[in-house]
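Here are my notes on this model, point by point. Please read them with the structure open.

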Amino acid sequence: MTFPHRHLLGIEPLGPAAISEILDLADSYVDLNRRDIKHADALAGLTQINMFFENSTRTQASFELAGKRLGADVMNMAMQASSIKKGETLIDTAMTLNAMHPDLLVVRHPHSGAVDLLAQKVNCAVLNAGDGRHEHPTQALLDALTIRRAKGRLHRLNIAICGDIAHSRVARSNILLLGKMENRIRLIGPPTLMPSGIADFGVEVYDDMRAGLDGVDVVMMLRLQRERMDGGFIPSEREYYHRFGLDSEKLGYAKDDAIVMHPGPMNRGVEIDGTLADDINRSVIQEQVEMGVAVRMAAMDLLARNLHSEPAGVMV
Ligand code: NCD
């Protein structure tokens, strides 16, 4: 058991063994979280600071609960309301916090690459909770754990990722993770929401839901990220739902036991039919939320074990 990383900045630097190690440990935390008494002490005495420069409800709550269940002292900084507004740079904020000796820094930032930059300036372990369109590693890990538990394996599955791929860090981290674990990935969406050059990532690209969903094991829907669009990407929400929204008719093209996923927050009636999202026979959306806490506990536990190891033994 040697998780060789100092930070969790993305899926890109992780190998299949490190991914499996996080998921295996997370499985044990799922059991802990289902007990009446949910405390363990892997982070006892450590300080965790959550710095969210972008709005978040579920991810911040999930990291907060994960830290508290493992005994850390957890502090949430509402960065929108803080000194950033007074003109302080990201690095100055990081250096100020660094001087307070945190052990774990959980950071969400609207700019791709901002979290990597911050990690170079501080002495503690940094976890990326989503940076721009770049990566959202704990989301991909919780999706992987959900798939592994529902399907009994995390390789040689046909997985469709549907919708607004271009603006999605969730899609990017999932494409990396699911590819490393040797799955077949199909991306389905309108060409305007597909990143250019995406076929080079070893994925199949479709702009028709029925053709793309044919025979898949997993259907991962994405939120239409309107806050990242500057107009003109889709004709109208009604038209988008008609062509790309997941309903039971389109899901009928997937395997009979295919699962439906969504990272949340969802736009019911835009990318997914509300009744289908609530159908516990097909939808694992609530399981994804449950797995999120366990995966974040596992990731912080593994990083905490490397806090004081020699740089030679631990990669970034
Ligand atoms: C995702 C995100 O922030 O990237 N949501 C989340 O982590 N809860 C996906 C999204 O915002 O659509």
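1. First, a term. A pocket here is an open set of grid points where a 1.4 Å probe fits, with protein on both sides within 12 Å along at least five of seven lines. A molecule sits in a pocket if more than half of its atoms lie within 2 Å of the pocket's grid points. By that test, the ligand sits in the largest pocket. Keep in mind that this is a predicted model.

2. Where does the ligand lie relative to domain 1 and domain 2? It lies between them, because both domains give residues to the shell around it. Domain 1 spans 7–135 + 290–309, and domain 2 spans 137–286.

3. Which residues are around the ligand? The list runs Arg58, Thr59, Arg108, His136, Gln139, Arg169, Val170, Arg223, Gln225, Pro263 and Gly264. Sorted by class, five are polar, four are charged and two are nonpolar. Two helices each supply at least two residues of this shell: H2 (58–69) and H6 (169–180).

4. Look next at the side chains that approach oxygen atoms of the ligand. For arginine 223, an N or O atom of the side chain is 2.8 Å from a ligand oxygen. For glutamine 225, the corresponding value is 2.9 Å. Arginine 108 places a polar side-chain atom 3.2 Å from an oxygen atom of the ligand. How much of the ligand's own accessible area does the protein cover? The cover is 94% of 310 Å².

5. Glycine 264 is one of the residues around the ligand. A cis peptide bond joins it to proline 265, with omega about -5°. Proline 265 belongs to the loop between strand E9 (259–261) and helix H10 (274–277).

6. One backbone angle also deserves a look. Histidine 101 has a positive phi, near 60°, and is not a glycine. This histidine is in the loop that runs between helix H3 (90–98) and strand E3 (104–109).

Terms used
Residues are numbered from 1 along each chain as its sequence is written. This is a predicted model: local features need pLDDT of at least 70, side-chain atom pairs count only at pLDDT 80 or more; totals for chains, interfaces and linings use all residues. Side-chain values use heavy atoms; hydrogens and water are left out. A residue is near a molecule or strand if one of its heavy atoms lies within 4 Å of it. A polar contact is a pair of N or O atoms within 3.5 Å; within protein, one must be able to donate a hydrogen and the other to accept it, and residues adjacent in sequence count only if both atoms are side-chain atoms. Accessible areas come from the Shrake-Rupley method with a 1.4 Å probe; for residues, only the protein chains shown count as cover. On a 1 Å grid over the protein atoms alone, a cavity is a set of points where a 1.4 Å probe fits but cannot get out, and a pocket is an open set with protein on both sides within 12 Å along at least five of seven lines; lining residues have an atom within 4 Å of a point. Helices (H or I, at least four residues) and strands (E, at least two) are DSSP runs, numbered from the N terminus. Ala, Val, Leu, Ile, Met, Phe, Trp, Tyr, Cys and Pro count as nonpolar, Asp, Glu, Lys and Arg as charged, and the others, Gly among them, as polar. Domain bounds come from an automatic or database domain assignment.
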